[in-house]
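Visitor: Please show me the model. I would like to go through it point by point.

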Amino acid sequence: MSVIDEEQLTRTFAALADPTRRSILARLSQGEASVGEIAAPFDMTFAAVSKHLRVLEGAGLVTRGREAQYRPARLDARPLAEASRWIEDYARFWADSLGSLDSYLNALQQLPPSEHNAESPHDKENSRG
């Protein structure tokens, strides 16, 4: 498994836990936007949207411009790439595990029917109970 910054990963997943913040990131993936542009599809105040943006900034997922009164938000996907790598490590684990299970089931299918129905020693133990 690759080396992951655990604190960054925690901040990323905490930020992604909220559906509004995920929607904001989806909007920002199309390009930078002002708080007003981000708030438009939501039934919430600019202050509430700003609060979500601060959480996303704290996780490193959003940066804000500093152009006078206009402070556009921009997506920074680097923390998402790190989270994706972390998830991919587990995806490989599950793929390998499912591949092993598939091989085992295929081997069972090759056995004669009499061996399919034979009780295992564990089954015999439990039936004596």
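Visitor: At the start of α2, which backbone nitrogen does a side-chain oxygen of Asp18 reach?
Guide: This is a predicted model, where local features need pLDDT of at least 70, side-chain atom pairs count only at pLDDT 80 or more, and totals for chains, interfaces and linings use all residues. Residues are numbered from 1 along each chain as its sequence is written, and side-chain values use heavy atoms, with hydrogens and water left out. A polar contact is a pair of N or O atoms within 3.5 Å; within protein, one must be able to donate a hydrogen and the other to accept it, and residues adjacent in sequence count only if both atoms are side-chain atoms. Here the Asp18 oxygen comes to within 2.8 Å of the backbone nitrogen of Thr20.

Visitor: How many helices and strands does the protein have?
Guide: Helices (H or I, at least four residues) and strands (E, at least two) are DSSP runs, numbered from the N terminus. The elements run α-α-α-α-β-β-α-α-α. The count is seven helices and two strands.

Visitor: Why do the buried residues of α2 line one face of the helix?
Guide: Buried means under 20% relative accessible area, exposed over 50%, partly exposed in between (1.4 Å probe, protein chains only). In α2, residues 19-28, the buried ones are Thr20, Arg21, Ile24, Leu25 and Leu28. Seen down the axis, they line one face because they fall within an arc (of the directions from the helix axis to the C-beta atoms) of 140 degrees.

Visitor: What covers the buried residues of α2?
Guide: Contact means heavy atoms within 4.5 Å. Both helices and strands contribute to the cover. It includes α1 (6-16), α3 (35-39), α4 (46-58), β1 (62-64) and β2 (73-75).

Visitor: Which exposed residues sit on the face of α1 turned away from its buried side?
Guide: Gln8, Leu9, Thr12, Ala15 and Leu16 are buried in α1. They cover an arc of only 130 degrees around the axis, so they are on the same side of α1. The face turned away carries Glu7 and Thr10.

Visitor: What is the relative accessibility of Leu61?
Guide: Leu61 lies in the loop between α4 and β1. Not counting residues up to four places away in sequence, Leu61 touches residues including Thr12, Leu25, Leu56, Arg74 and Leu80. Leu61 counts as buried, at 0%.

Visitor: How far apart in space are Leu61 and Asp76?
Guide: In sequence they are 15 residues apart. They also touch each other. C-alpha to C-alpha, the distance is 4.8 Å.

Visitor: How many residues apart in sequence are the parts tied together by the pair Glu32 and Arg74?
Guide: A salt bridge is a side-chain nitrogen of Lys or Arg within 4 Å of a carboxyl oxygen of Asp or Glu. Glu32 and Arg74 meet in one, at 2.8 Å, N to O. Glu32 lies in the loop between α2 and α3 and Arg74 in strand β2, so the tied parts are apart by 42 residues.

Visitor: Which residue forms a salt bridge with Asp76?
Guide: The structure holds three salt bridges. The closest N and O atoms are 2.6 Å apart, and the partner is Arg78.

Visitor: What is the N to O distance between Arg64 and Glu57?
Guide: Arg64 is buried, with a relative accessible area of 15%. Glu57 is partly exposed, at 27%. Their side chains meet in a salt bridge at 3.8 Å.
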